[in-house]
Amino acid sequence: MDPPNYSIVIAVFAAILVASLFRIWVTKEKQQKKKYHPIGGTIFHLLYNFRRFYDYLTDLTHKNTTFRILYLDNVEIYTCDPANIEYFLKTNFANYGKGSFHHDILEDLLGDGIFTVDGERWRHQRKMSSYEFSTRNLREFSSGVFKTNAAKLAHLLSAAVASNQTVEIQDLFMKSSLDSVFKVVLGVDLESMRGANQGDQFSKAFDQASEMTTLRYVDISWPIKKFLNVGSEATLRKCMKVVDAFVYKVIDNKIAQQQVSGKGDILSRFLEMQETDPKYLKDIILSFIIAGKDTTASTLSWFFYMMCKHPHLQDKILEEVRAAAELDQRSAIDDIATSITEAALDKMQFLHAALTETLRLYPAVPSDGKMCFADDTFPDGFSVKKGNLVSYVPYSMGRMKSLWGDDAEEFKPERWLDHNGVFQQQSPFKFTAFQGGPRICLGKEFAYRQMKVFASVLLAAFSFKLADESKPVTYRPMLTLQIDGGLHLTAAFRIKHEVTMEEASL
Ligand code: HEM
């Protein structure tokens with residue numbers, strides 16, 4: 001046997017070694033080439049600036065359109081770049097979702113409702129609910145509910161005008177939108193606007209539970225508190241007992257009384273479709289209530305704040321409403337509400353623009369996020385790691401000159417109208433108040449209809465002023481953008497109206 005050719009063996013080993021080293025070098029090189037968005041701050045900066053949370057994010061946006069905030073165990077990427085936003089909300093939709101982070105925080109309040117889940121569980125609810133929201137039945141039923149509740153609110157204001165009282169209108173919008181969403185979703189008259197007892201306990205417990213859930217986003221010790229059942233977590237558990245018991249009772253009543261067929265409310269329609277698991281129904285219902293309550297109420301509050309800051313716009317909208325609904329100053333409150341038909345609402349293009357302009361500057365959901373499921377690269381070339389949180393910030397985007405021009409911070413409804421005065425949409429990745437992509441808000445059209453009915457009825461019947469011009473109006477740092485301390489207004493009649501005994505007793 002010939003002796004082994006050592007030079008060949010050595011050459012082969014050398015080649016393998018060189019190839020391996022080359023592979024390691026290329027991989028390292030690739031990793032080193034990954035670049036990450038600039039650091040805007042840390043969790044401690046967020047906590048320090050908590051009271052002006054969204055303005056702090058806006059300040060950071062002026063330096064970098066996309067930046068990272070470092071947490072103790074993770075990173076959150078905030079972006080105001082429409083290309084990045086379109087990418088993670090639509091183009092690579094499958095790689096970004098609620099994930100375990102949002103699901104764990106929201107689960108006690110919303111269970112497996114549409115806001116907390118991804119994948120098949122989300123798709124199923126989205127399909128069922130989008131069908132519901134597109135039906136004429138729901139549109140007609142909900143329009144009737146909005147008109148009734150807008151008229152109730154106007155009667156309540158009449159009493160305040162007659163006795164020269166100021167009103168805290170945000171609270172009234174919160175109550176009336178809760179009444180509306182309750183009627184539309186469950187078919188139940190809650191009457192919280194009239195201070196009825198029935199729903200008082202529910203609505204207080206629900207608000208408190210939402211607040212305690214919001215706290216979880218900044219309080220990393222919440223799982224320990226939950227385990228020990230202390231502090232905010234003990235409050236949350238107590239509130240959820242009240243909320244769950246109330247909703248289960250309504251579901252049981254509906255099933256027992258078989259009050260299903262022919263009703264316009266969403267619960268009846270789900271029951272009609274043989275969806276009878278009470279826990280699943282409860283999760284769906286609470287998600288709709290949370291989606292529809294604070295969002296429209298806070299938008300209406302900021303809209304009336306803008307109306308007080310720009311009183312000539314109240315006159316302009318009054319003119320538009322009177323022309324569209326064929327009203328004048330002799331019209332009574334109930335007639336005004338009845339005249340606000342679908343056709344009349346369609347004609348109110350300036351009002352539509354003014355509400356949209358309100359949402360541009362005061363978006364009901366000021367910042368909203370997802371979780372990244374696998375390492376990725378954004379269109380701007382920066383990398384995102386698996387597990388990172390990724391958020392877009394409608395509040396900051398509305399103030400960006402690069403998106404809206406030099407007058408970005410001014411309230412100008414005209415920017416939404418073409419030269420014929422017709423409303424023009426913008427890309428949902430630039431005007432992000434309703435999110436964009438497959439998870440775009442399901443209730444957008446529903447919300448506009450509700451807000452237009454309330455705004456048109458109130459502006460046709462009254463003019464409004466701030467009760468105290470010198471008092472600064474700012475937001476509470478919460479998941480929805482609410483006015484801190486409420487909005488205190490005085491009103492005067494635009495119509496000839498004698499206050500009735502019933503109104504005076506409200
Ligand atoms: C001014 C009013 C509103 C605004 C600004 C708004 C905004 C939003 C936003 C930003 C999201 C995305 C939230 C997320 O990431 O999970 C969303 C989702 C949603 N909204 Fe709205 N919303 C409004 C009113 C409503 C109303 C009145 C309803 C129904 C009663 C509604 C139903 C929903 C639902 C069901 C989703 C979940 C969609 C999904 O995950 O597929 N929204 N909305």
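## A buried threonine between two strands

Thr480 lies in the loop between strand E11 (475-476) and strand E12 (482-483). In this predicted model, the relative accessibility of Thr480 is 14%, and because buried means under 20% relative accessible area, the residue counts as buried. The side chain of Thr480 is joined to that of Gln482 by a polar contact of 3.0 Å. When neighbours within four places in sequence are left aside, Thr480 is in contact with Asp294, Ala364 and Pro366.

## The chain as a whole

The chain has 506 residues, of which 51% count as buried, and its secondary structure comes to 21 helices and 13 strands. Taken along the principal axes, the box filled by the C-alpha atoms is roughly 120 × 60 × 45 Å. Of the contacts in the chain between residues at least 6 apart in sequence, 74% join residues at least 24 apart.

## The iron and its protein donor

The iron atom of the ligand has a single donor from the protein, the SG atom of Cys441, at a distance of 2.3 Å. Cys441 is placed in the loop between helix H19 (401-404) and H20, and this cysteine is also listed with Lys98, Arg126, Asp368 and Gln435 as the residues that come nearest to the ligand, out of the 26 around it.

## The shell around the ligand

By class, the shell around the ligand is made up of 16 nonpolar, 5 polar and 5 charged residues. Helix H6 (119-134), helix H13 (278-309), strand E6 (368-372) and helix H20 (444-461) each supply at least two residues of this shell, and the largest share, 5 residues, comes from H13.

An N or O atom in the side chain of Asp368 is 2.7 Å from a ligand oxygen, and for the side chain of Gln435 the corresponding distance to an oxygen atom of the ligand is 2.8 Å. Arg439 has a polar side-chain atom 2.9 Å from an oxygen atom of the ligand.

## The nonpolar core

The largest nonpolar core contains 144 residues, and among these Phe303, Phe304, Leu458 and Phe464 touch the most other members. Helix H13 gives the most to this core, with 16 residues, and H13 also provides the largest share of the shell around the ligand. In soluble globular proteins, nonpolar side chains tend to be buried together.

Met306 is placed in helix H13 and, at 6% relative accessibility, counts as buried. Leaving aside neighbours within four places in sequence, the contacts of Met306 are with Tyr362 and Phe411. Between Met306 and Phe434, which are 128 residues apart in sequence, the C-alpha to C-alpha distance is 20 Å.

Arg449, a residue of helix H20, has a relative accessible area of 5% and is therefore buried. The side chain of Arg449 makes a polar contact of 2.8 Å with the side chain of Ser143. Apart from residues up to four places away in sequence, Arg449 touches Arg139, Ser142, Ser143, Phe146, Glu342 and Leu345.

Asp112 is found in the loop between helix H5 (99-110) and H6, the latter being one of the elements that supply at least two residues to the shell around the ligand. With a relative accessible area of 21%, Asp112 is partly exposed, because the buried class is limited to values under 20%.

The side chain of Asp112 makes a polar contact of 3.0 Å with the side chain of Arg121. Not counting residues up to four places away in sequence, the residues touched by Asp112 are His103, Val117, Arg121, Gln125, Lys279 and Asp283. Asp112 and Lys183 stand 71 residues apart in sequence, and their C-alpha atoms are 22 Å apart in space.

Technical notes. Residues are numbered from 1 along each chain as its sequence is written. This is a predicted model: local features need pLDDT of at least 70, side-chain atom pairs count only at pLDDT 80 or more; totals for chains, interfaces and linings use all residues. Side-chain values use heavy atoms; hydrogens and water are left out. A residue is near a molecule or strand if one of its heavy atoms lies within 4 Å of it. A polar contact is a pair of N or O atoms within 3.5 Å; within protein, one must be able to donate a hydrogen and the other to accept it, and residues adjacent in sequence count only if both atoms are side-chain atoms. Helices (H or I, at least four residues) and strands (E, at least two) are DSSP runs, numbered from the N terminus. Ala, Val, Leu, Ile, Met, Phe, Trp, Tyr, Cys and Pro count as nonpolar, Asp, Glu, Lys and Arg as charged, and the others, Gly among them, as polar. Donors are N, O and S atoms within 2.8 Å of the metal (3.2 Å for Na, K and Ca); water is not among the atoms, so sites may look incomplete. A nonpolar core is a set of buried Ala, Val, Leu, Ile, Met, Phe, Trp, Tyr and Cys residues joined through side-chain atoms within 4.5 Å. Buried means under 20% relative accessible area, exposed over 50%, partly exposed in between (1.4 Å probe, protein chains only). Contact means heavy atoms within 4.5 Å.
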